[in-house]
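Trainee: I am new to this one. Can we go through the terms and the values behind them?

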Amino acid sequence: MARAATTSDAFNAIAEPRRREILSYLALQERPVAEIVATLGLEQPSVSKHLRVLRNVGLVYVRRDGRQKFYRTNADAIRPLHEWTATFERYWQHQLNRVKERAEAAAKRLHSGGAFREKATNGSRPDSNSRRKHDPDSTKH
């Protein structure tokens, strides 16, 4: 089966890690291309290529100011991505809640078992040395 072009939709576009990195960087504010290049440490032609893909699928807007281009995210276009990933967020939250419940149950068992061990060492269980002293059949070492 042929793979969809990266410009076909937002999901394919963000499959590329550097595009996700660019989107994350643009999430807080509009930024010029030169700043994206400098901050992310990518080559300018590469950044321009990734921005073009993101623009073509509608994930970013571009604004010209003289010779400079400024990019910012398009929150409306990102919403379907967020909604889709929210399904998995609920799944992982459920998994984390299960882990937390198990850890709390284990801690509770350990704590109640710890109280038993504490009682046992406070004289309710004789240690092996005291038995040797009182047991005529025990051999001394």
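Trainee: Where does E16 sit?
Mentor: E16 is in the loop between α1 (10–13) and α2 (17–26). Helices here are DSSP runs of H or I, at least four residues, numbered from the N terminus. This is a predicted model: local features need pLDDT of at least 70, side-chain atom pairs count only at pLDDT 80 or more, and totals for chains, interfaces and linings use all residues. Residues are numbered from 1 along each chain as its sequence is written, and side-chain values use heavy atoms, with hydrogens and water left out.

Trainee: Why does E16 count as buried?
Mentor: Buried means under 20% relative accessible area, exposed over 50%, partly exposed in between (1.4 Å probe, protein chains only). E16 has 15%, so it counts as buried.

Trainee: What makes F11 and W84 an edge-to-face pair?
Mentor: The whole structure has three aromatic pairs. In the pair of F11 and W84, the centres are 5.5 Å apart and the planes are at 80°. Rings of Phe, Tyr and Trp (its six-membered ring) pair if their centres lie within 6.5 Å; planes under 30 degrees apart are stacked, over 60 edge-to-face, the rest tilted. F11 is in helix α1 and W84 in helix α5 (residues 75–124), 73 residues apart.

Trainee: Why is F11 called partly exposed?
Mentor: Its relative accessible area is 38%, so F11 is partly exposed.

Trainee: And why is the pair of Y91 and W92 edge-to-face?
Mentor: The ring centres are 5.0 Å apart and the planes are at 75°, so Y91 and W92 are edge-to-face. W92, at 51%, counts as exposed.

Methods: Helix = DSSP H or I, 4+ residues; strand = E, 2+ residues; numbered from the N terminus.
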